[in-house]
Amino acid sequence: VQLQASGGGLVQAGGSLRLSCAASDAPYVMGWFRQAPGKEREFVAGITWRSGRTNYADQAQDRFTLSRDTAKRTLYLQMNSLRPGDTAVYYCAARDGTMISVTPITYTYWGQGTQVTVSS
């Protein structure tokens with residue numbers, strides 16, 4: 001599975017961005033991770049492709065929303081009420097299996113990353 005992420009950019013605090021991740025083949029589970037400078041890569045949100053079941057990290061709950069277009073094999077992450085602490089490179093990832101894992105090493109396929117910068 002090849003993944004192509006897009007949609008990052010510069011936004012002021014309180015603003016919104018929508019990230020997209022296009023997959024070359026239908027995945028089992030897809031997720032978004034992020035990595036800020038000097039920090040470890042962390043889970044943001046994930047979804048099971050067939051059923052649409054979702055899981056969000058605490059920092060994403062109530063502000064970020066996952067959706068998918070199964071015909072386009074594209075995953076979206078709508079991010080609202082962005083904060084400077086959300087600044088990071090965001091990566092989409094995919095894995096086989098049925099569990100939405102929060103651990104990066106369990107994901108086999110990774111997109112190239114897209115920069116999100118939130119200014120105060």
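Helices (H or I, at least four residues) and strands (E, at least two) are DSSP runs, numbered from the N terminus. The views below show a predicted model, in which local features need pLDDT of at least 70 and side-chain atom pairs count only at pLDDT 80 or more, while totals for chains, interfaces and linings use all residues. Residue numbers start from 1 along each chain as its sequence is written, and side-chain values use heavy atoms, with hydrogens and water left out.

**View 1. Asp62 in the loop between β6 (54–56) and β7.** Asp62 is not a glycine, yet its phi is positive, at about 75 degrees. Its relative accessibility is 77%, so Asp62 counts as exposed (buried is under 20% relative accessible area, exposed over 50%, partly exposed in between; 1.4 Å probe, protein chains only).

**View 2. The hairpin of β7 and β8, with four residues between the strands.** Strand β7 (residues 64–69) pairs with strand β8 (residues 74–79) in the antiparallel sense, over six bridges; pairing requires that DSSP finds at least two bridges between two strands. Asp69 stands opposite Thr74 in β8. Arg73, in the loop between β7 and β8, has a positive phi of about 55 degrees although it is not a glycine. With a relative accessible area of 32%, Arg73 is partly exposed.

**View 3. Thr114 in strand β11 (residues 114–119).** Thr114 counts as buried because its relative accessibility is 10%. A polar atom of the Thr114 side chain lies 3.0 Å from the backbone nitrogen of Gly8. Leaving aside residues up to four places away in sequence, Thr114 touches Ala5, Ser6, Gly7, Gly8, Leu19, Ala88, Val89 and Tyr90 (contact means heavy atoms within 4.5 Å).

Notes: A polar contact is a pair of N or O atoms within 3.5 Å; within protein, one must be able to donate a hydrogen and the other to accept it, and residues adjacent in sequence count only if both atoms are side-chain atoms.
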